[in-house]
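The entries follow in the order in which I made them.

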Amino acid sequence: MSKSQRLFDLMQMLRRHPRPVAGTELAREAGVSLRTVYRDISDLQALGAEIEGEPGVGYVLRPGFLLPPLMFSEEEIQAVALGVQWVQRQTDEGLALAAQNALAKIGAVLPSELRHKLDDSSFHVSRRAPKTPSVDLQMLRQAMREQRKLRMIYRDPTGTETERVIWPIMLGFFEARRVIAGWCELREDFRTFRTDRIVRGRLLKERYLGRRRDLVKRWRTQVAEQSAPTNSP
């Protein structure tokens, strides 16, 4: 076991004990020597962990301490790397670059013995199959971030095109398609739109009312109510 993993496990053990726990008990749980526990506690204190106590008395971790970035477990590192790979291959160029930059920042603070886990080839995420270009996902994300209205020409399954002004509130990623949810001014209700059916769209300067997260809650509540089974008499 690497030292970083051992320190992480020790922190988790201390979190499980709200009262002072003896070093011998920590050594037993960790499967290491008592001397190693004392040394690891000293290292954690040097990193800023507020661990109080002393040999023969016991140790306790004061609440509120957040683990520094380098204290990822190996599985957490794999999860982060897998998530970044998915974003890079399934979303737009802007998010792909942001994910790559985030991974580089994590790698910069990880200890050398864990850094190679970011390049673990244990998992593979396929790339999206090439399709007819649809609306720019970066523009949709900007619309949500700035709460801007979007004017678009939308083609329904029959091929009929309508002009819509929507308030984009959420972007969904499914296996074969991308979906934008929002308030549709034409229908005066929440609607979902497949991005590959948006013929063209442009951001308006006008911002929609309220807070986006509140609209998301209203939309989710509506979907839940519509999906709930009805009790017939």
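Before counting by element, I note that helices here are DSSP runs of H or I with at least four residues, numbered from the N terminus. The model is predicted.

Entry 1, the pocket. I looked up the second largest pocket and recorded about 180 Å³ of space in it. I then asked which helix gives the largest share of its lining. Helix H4 does, with six residues. I noted that H4 (74-90) and helix H5 (93-109) each supply at least two lining residues. Among the residues lining this pocket I listed Gln78, Gln85, Gln88, Gln100, Lys117, Asp120 and Phe123. Sorted by class, the lining holds six nonpolar, four polar and two charged residues.

Entry 2, the sheet. I next traced an open sheet of five strands, whose order reads E6-E5-E4-E3-E7 with antiparallel pairing. At its edges I found strand E6 (189-194) and strand E7 (198-207), each of which pairs on one side only. From one strand to the next, I recorded an average twist of 45 degrees.

How many bridges join strand E4 to strand E5? I counted seven between E4 (residues 161-173) and E5 (residues 178-184), and the two strands run antiparallel. Within this pair, I found glycine 172 opposite valine 179 of E5. I then looked up helix H8 (residues 212-227), which packs on the sheet and touches E4, E5 and E6. The direction of H8 makes about 95 degrees with that of E4.

How values were computed:
Residues are numbered from 1 along each chain as its sequence is written. This is a predicted model: local features need pLDDT of at least 70, side-chain atom pairs count only at pLDDT 80 or more; totals for chains, interfaces and linings use all residues. Side-chain values use heavy atoms; hydrogens and water are left out. Two strands pair if DSSP finds at least two bridges between them. Axes are lines fitted to C-alpha atoms, for helices over the stretch in contact, and angles run from 0 to 180 degrees between N-to-C directions. Contact means heavy atoms within 4.5 Å. On a 1 Å grid over the protein atoms alone, a cavity is a set of points where a 1.4 Å probe fits but cannot get out, and a pocket is an open set with protein on both sides within 12 Å along at least five of seven lines; lining residues have an atom within 4 Å of a point. Grid points are joined across faces, edges and corners, and a volume is the space filled by probe spheres set on the points. Ala, Val, Leu, Ile, Met, Phe, Trp, Tyr, Cys and Pro count as nonpolar, Asp, Glu, Lys and Arg as charged, and the others, Gly among them, as polar.
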